[in-house]
Amino acid sequence: MLLISCPNCGPRDETEFHYGGQAHIAYPENPNDLTDREWAEYLFYRENTKGTFAERWVHSTGCRQWFNMLRDTVSYDIHSIYAMGQPRPDTTGEYGQAGGAGLAPGAPTTSTAAAAPTSSEGV
Amino acid sequence: MAETATPAETAHVDRVRGARRSPAEHLADAFTSGSVPGTVTLKEIPYQAMVGIRVERTSDAGARVASITGGLPATCGEVTGAGAVNALWLGPTEFLVVAPEESHDSLGGTLVSDLTTALGSDEGQVVDLSANRTTFELNGSHARAVLEKTCSLDLHPRVFKAGTAVSTELAHIPVMLWKTSEENYRIFPRASFADFLGRWLLDAMREYASPEVP
């Protein structure tokens, strides 16, 4: 279970969210000018990244707002959460530093729920 | 309102009241017998007037709406309004106004029409959602223990303070959870989930009827 920090509501369980696929796919300027192949690629073709991936999420049982997230598709680490419309933050160097401006306190970084709580009890 | 009502209006209100069925009405006896006074009690507070509002709270329309609801909450968890009418935060521009049933227009109140007038023709919406949700009141020293069986939020008083309301999940269904005082929670499930959640809570409360095993 992921623990996702909603920019409005703070950390919540993954079950409260819905996934919105790859982020930063712009609607074509002139859809009528596209060939069928280009249109199909806009609609259906998505990256299948192994590693850090920018994706959209919506807090569907909370504030019902969309946001972007940089998530590692291998480790499930969440590197950054940032507002819709913002460019993808550069996280090539230090992870966990990013996170867009104007987010709620404590929003940017989260780890997976498995790693976060009760780790001291089991040891 | 009552003192100025004509006989025709009173008859209409009586007709409305008589025709209503609350979503967990059939569980009322079970709630009574399943409650453990002093430990944890459950009851339905039916027919509360609820109005969904979408408005930019810093706009003029937001200010006009806020004057009726006793302010509009700014952040997640905040509840405004000290009296009977309260506004709960659902999203940055979305709020739920909760008020006693008498304030609903069909029972002689003016809440919905007042809010509609306040919004005027500005951007936003005012929607009567009174039949959308019902209200459960979970009360007692073990109310938190019952909720903690299913709620993934941290309900400890140092985090979840009295006077806050959040939308979250209980028993995998979306609800509004409003902590009105230290041992009192109001839960707003959608009407179609009321039967399920009512029975779920009764089941969760059952162990507290027995003496605690050390």
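This is a predicted model: local features need pLDDT of at least 70, side-chain atom pairs count only at pLDDT 80 or more; totals for chains, interfaces and linings use all residues.
Local features need pLDDT of at least 70, side-chain atom pairs count only at pLDDT 80 or more, and totals for chains, interfaces and linings use all residues. Residues are numbered from 1 along each chain as its sequence is written, chains are lettered from A and ligands numbered from 1 in the order in which they are written, and side-chain values use heavy atoms, leaving out hydrogens and water.

**View 1. Chain B as a whole.** Chain B has six helices and 10 strands. Helices (H or I, at least four residues) and strands (E, at least two) are DSSP runs, numbered from the N terminus. Of its 214 residues, 44% are buried. Buried means under 20% relative accessible area, exposed over 50%, and partly exposed in between (1.4 Å probe, protein chains only). Among contacts in chain B with a separation of 6 or more, 60% join residues 24 or more positions apart. Contact means heavy atoms within 4.5 Å.

**View 2. The largest nonpolar core.** A nonpolar core is a set of buried Ala, Val, Leu, Ile, Met, Phe, Trp, Tyr and Cys residues joined through side-chain atoms within 4.5 Å. This one holds 30 residues, and Ile4(A), Val51(B), Ile53(B) and Leu115(B) touch the most other members. Chain A gives two or more residues from each of strands E1 (3–6), E5 (66–72) and E6 (78–82). H4(B) gives the most, with five residues. Apart from this core lies another, of 29 residues, including Phe31(B) and Leu202(B). In soluble globular proteins, nonpolar side chains tend to be buried together.

**View 3. H3(B) against H4(B).** The two helices pack at an angle of about 160°, with axes 8 Å apart. Axes are lines fitted to C-alpha atoms, for helices over the stretch in contact, and angles run from 0 to 180 degrees between N-to-C directions. H3(B) and H4(B) are therefore roughly antiparallel (an angle over 145 degrees). H3(B) contributes Ala61(B), Arg64(B), Val65(B), Ile68(B) and Thr69(B) to the contact. H4(B) contributes Leu111(B), Asp114(B), Leu115(B), Ala118(B) and Leu119(B).

View 4. Asp122(B) lies in the loop between H4 and strand E6 (125–128) of chain B. Its relative accessibility is 34%, so Asp122(B) counts as partly exposed. Asp122(B) touches Ala61(B) and Arg64(B), not counting residues up to four places away in sequence. Ser59(B) is 63 residues from Asp122(B) in sequence, but 9.4 Å away in space, C-alpha to C-alpha.

**View 5. Thr41(B) in strand E1.** Thr41(B) belongs to strand E1 (residues 41–45) of chain B. Thr41(B) is partly exposed, at 25% relative accessible area. Gly140(B) is 99 residues away in sequence and 6.2 Å away in space, C-alpha to C-alpha.

**View 6. Two tyrosines with positive phi.** Most residues other than glycine have a negative phi. Tyr76(A), in the loop between E5 and E6 of chain A, has a phi near 65°. Tyr47(B), in the loop between E1 and E2 of chain B, has a phi of about 65°.

Conventions. Angles under 35 degrees count as roughly parallel, over 145 as roughly antiparallel, 65 to 115 as roughly perpendicular and the rest as oblique.
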